[in-house]
Amino acid sequence: MKEDLRIVKTKKALKNALLDLLKIETFEKINVSKICEYAKVNRVTFYSHYQDKYDLFQSYIEEIKNDILKTAYSTVSKIDSSIENLSHFFSQIFLNMIDVISKEREIIIHFGKQENSMLMYMINTSAYKSLKEVFSQLKNHFRLKYDEEYIISFIVGGANYMIHNWMLKDKMLEIEHLKKQINSFLNDLNKSELLFENMR
């Protein structure tokens, strides 16, 4: 069942208001009143959709996460014990992530600032939970060579630093070049069976 168009527009206005405010203020200094004033939405309407500003930001994270995972998830059911398919699966996640982040770069670059550390914590927590769900499906086809928590932490932490470093450079690498680098790295990593091995 589709959401009412008026609700969709209201939620979009609130999300855009928060993102615009984050370009000029820290998350800590932004409150619901400022968001509502900027979005021209009353507080009663805000609280009918979200519990607080954290809930609003979480909905934005979920939106980005779904954009990143939508193509990759469609391949989960096709994964068998082939390392090649596993490489394709993880490459798809990272390549989608780069596309989304490149599109949202103007706002995402503000998340890494020290004063907005809560935002990065929320993003990393969401990424960790998503990968945990993915790994639960991969276990049917692959044996993890190390503790699941360490592998997921390695992936989330590495991706976080790589993207943060990429966005902060004065001259960002060409996006297609970055994609090729990541794709090659993941293929080599999976072929080496450093983290996973086939179920035999």
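Author: A residue counts as buried when its relative accessible area is under 20%, as exposed when it is over 50%, and as partly exposed in between, with a 1.4 Å probe and protein chains only. On that scale, 40% of the 200 residues of the protein chain are buried. The model is a predicted one, in which local features need pLDDT of at least 70 and side-chain atom pairs count only at pLDDT 80 or more, while totals for chains, interfaces and linings use all residues. Residues are numbered from 1 along each chain as its sequence is written, and side-chain values use heavy atoms, with hydrogens and water left out.

The protein chain has 9 helices and 2 strands, where helices (H or I, at least four residues) and strands (E, at least two) are DSSP runs numbered from the N terminus. In sequence order they follow the pattern α-α-α-α-α-α-α-β-α-α-β. With contact taken as heavy atoms within 4.5 Å, residues 24 or more positions apart account for 72% of the contacts in the protein chain with a separation of 6 or more.

Now to the space itself. On a 1 Å grid over the protein atoms alone, a cavity is a set of points where a 1.4 Å probe fits but cannot get out, whereas a pocket is an open set with protein on both sides within 12 Å along at least five of seven lines; lining residues have an atom within 4 Å of a point. Grid points are joined across faces, edges and corners, and a volume is the space filled by probe spheres set on the points.

By this rule there is 1 cavity of 30 Å³ or more, and the volume of the largest cavity is about 650 Å³. It is lined by 31 residues, of which Ile68, Met97, Ile101, Ile123 and Ala127 are the closest to its centre. Helices H4, H5, H7 and H8 each supply at least two residues of this lining. Its residues divide into 24 nonpolar, 6 polar and 1 charged, where Ala, Val, Leu, Ile, Met, Phe, Trp, Tyr, Cys and Pro count as nonpolar, Asp, Glu, Lys and Arg as charged, and the others, Gly among them, as polar.

One of these helices, H7 (residues 117-138), has 22 residues and reaches 31 Å from its first C-alpha to its last, close to the 32 Å expected, the expected span being 1.5 Å times one less than the number of residues. Among the buried residues of H7 are Leu119, Met122, Ser126, Ser130, Val134 and Leu138.

The largest pocket has a volume of about 380 Å³. Of the 20 residues that line it, Phe94, Gly158, Met162, Ile182 and Phe185 are the closest to its centre. Helix H5 (83-103), helix H8 (148-168) and helix H9 (175-191) each give at least two residues to the lining of the largest pocket, which by class has 15 nonpolar, 4 polar and 1 charged residues.

Ser91 also belongs to helix H5, and it counts as buried because its relative accessibility is 4%. Leaving aside residues up to four places away in sequence, Ser91 touches Asn183, Leu186 and Asn187. The side chains of Ser91 and Asn183 are joined by a polar contact of 2.8 Å, that is, a pair of N or O atoms within 3.5 Å of which, within protein, one must be able to donate a hydrogen and the other to accept it, residues adjacent in sequence counting only if both atoms are side-chain atoms.

The second largest pocket holds about 180 Å³ of space. Its lining has 3 nonpolar, 1 polar and 5 charged residues, including Glu3, Lys11, Lys12, Tyr50 and Glu63. H1 and helix H4 (53-76) each supply at least two of the lining residues, and H1 gives the most, with 4 residues.

Helix H1 (residues 5-22) has 18 residues and spans 26 Å from first C-alpha to last, close to the 26 Å expected. At its start, a side-chain oxygen of Asp4 comes to within 2.7 Å of the backbone nitrogen of Arg6. Lys15 is one of the lining residues of the second largest pocket, and it is among the residues of H1 that are buried.
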